[in-house]
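The following note concerns the contact between two chains.

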Number of protein chains: 2
Amino acid sequence: MSHNKYSCDCNIVHREAVEQVIKCLPADEVLARVAEFFKILGDPTRTKIICTLLEGEMCVCDIANVLGMTKSAVSHQLGMLRRADLVAFRREGKNVFYSLSDGHVRGMIESGLEHVHQ
Amino acid sequence: MSHNKYSCDCNIVHREAVEQVIKCLPADEVLARVAEFFKILGDPTRTKIICTLLEGEMCVCDIANVLGMTKSAVSHQLGMLRRADLVAFRREGKNVFYSLSDGHVRGMIESGLEHVHQ
DNA sequence: GAGACATATCAAAACCTCCGCACATAACAG
DNA sequence: CTGTTATGTGCGGAGGTTTTGATATGTCTC
């Protein structure tokens, strides 16, 4: 079996190329965290919430009205965004105001919008 | 306004803010495409495939060996990545070699890795 | 304290996704 | 042609996700 040729015999793969890539790959735990991050962004409701928060902080009730969904559903998604540290929140009296936690999320969503617009 | 304000179960707290944000939001169809794009990236198997392809093109069988999964499972995910235009492919004899379709995907994955490493 | 209001969480149904099996298709060797 | 190898795909089950109504928790006003 030659080094220069993929033989993809599947029982006897080009072992060195495979092992080289395996060595370069990030750890499974890192990949899982990356996938989890993208998964959080990969729901239309959450995408819409994040786009809403691009304009500034907003309370749960108003977000529910922007999305046309129940407060319960919105609260659930906000909880997910909060646990993933994609949004920050502060309480002001009876209301809880949510906002984007940092510029990284903003940049990511804007990249996504750009990607779609081409 | 095409938005259905009656599908929400509570009153608007800051009416002007809500209506302003609704006006600024990208169209639902755009948001759906963005969410779909992130959803594709949001699976550990697909993330791993994309990281594998960061090193260069590779055939299905070798990818399956890198991931330690069946060729069927890998082919399913490659099909999804292909239909979403995240990967390109070329046939060479019996083998099909996959590669990243453009720098945008690479940049996005690298941003994701960066985000996780902090 | 009681009552009103905003948000969070629980439970369950409807829905979706991933993966392996089995088979189909494609390319090649003989 | 037949057989082998590499890859693609329909189907179905196990497991996960999203949504809602009901209920719980927190916060204010009185």
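**Note on the interface between chain A and chain B**

1. Chain A and chain B bury about 5000 Å² between them, and 73% of this area lies on carbon and sulfur atoms. The model under review is a predicted one. Residues from both partners take part in the contact: 57 residues come from chain A and 59 residues from chain B.

2. Polar interactions across the interface can be listed briefly. There are two salt bridges between chain A and chain B. One joins the side chains of D28(A) and K48(B), with an N to O distance of 2.9 Å. Five residue pairs between chain A and chain B are in polar contact, with both residues at pLDDT 80 or more.

3. On the side of chain A that touches chain B, at least two residues each are supplied by α1 (15-24), α2 (28-41), α3 (44-54), β1 (58-59), α4 (60-67), β3 (95-100) and α6 (103-116) of chain A. Of this side, α2(A) provides the largest share, namely ten residues. Sorted by class, the side of chain A that touches chain B comprises 33 nonpolar, 14 polar and ten charged residues.

4. The relation between the copies deserves a separate point. Chain A is superposed on chain B by a rotation of 180° with 0.1 Å of shift along its axis, at an RMSD of 0.3 Å. The two copies are therefore related as by a two-fold rotation axis. Both copies use the same surface, as 89% of the contact residues of chain A recur in chain B.

How values were computed:
Residues numbered from 1 in each chain as written. Chains lettered and ligands numbered in written order. Predicted model: local features only at pLDDT ≥ 70, side-chain atom pairs only at ≥ 80, totals over all residues. Heavy atoms only, no water. Contact = heavy atoms within 4.5 Å. Buried area = accessible area lost by both parts, 1.4 Å probe. Salt bridge = Lys/Arg side-chain N within 4 Å of Asp/Glu carboxyl O. Polar contact = N/O pair within 3.5 Å; in protein donor to acceptor, adjacent residues only side chain to side chain. Helix = DSSP H or I, 4+ residues; strand = E, 2+ residues; numbered from the N terminus. Nonpolar A, V, L, I, M, F, W, Y, C, P; charged D, E, K, R; others polar. Least-squares fit on C-alpha atoms with pLDDT ≥ 70 in both.
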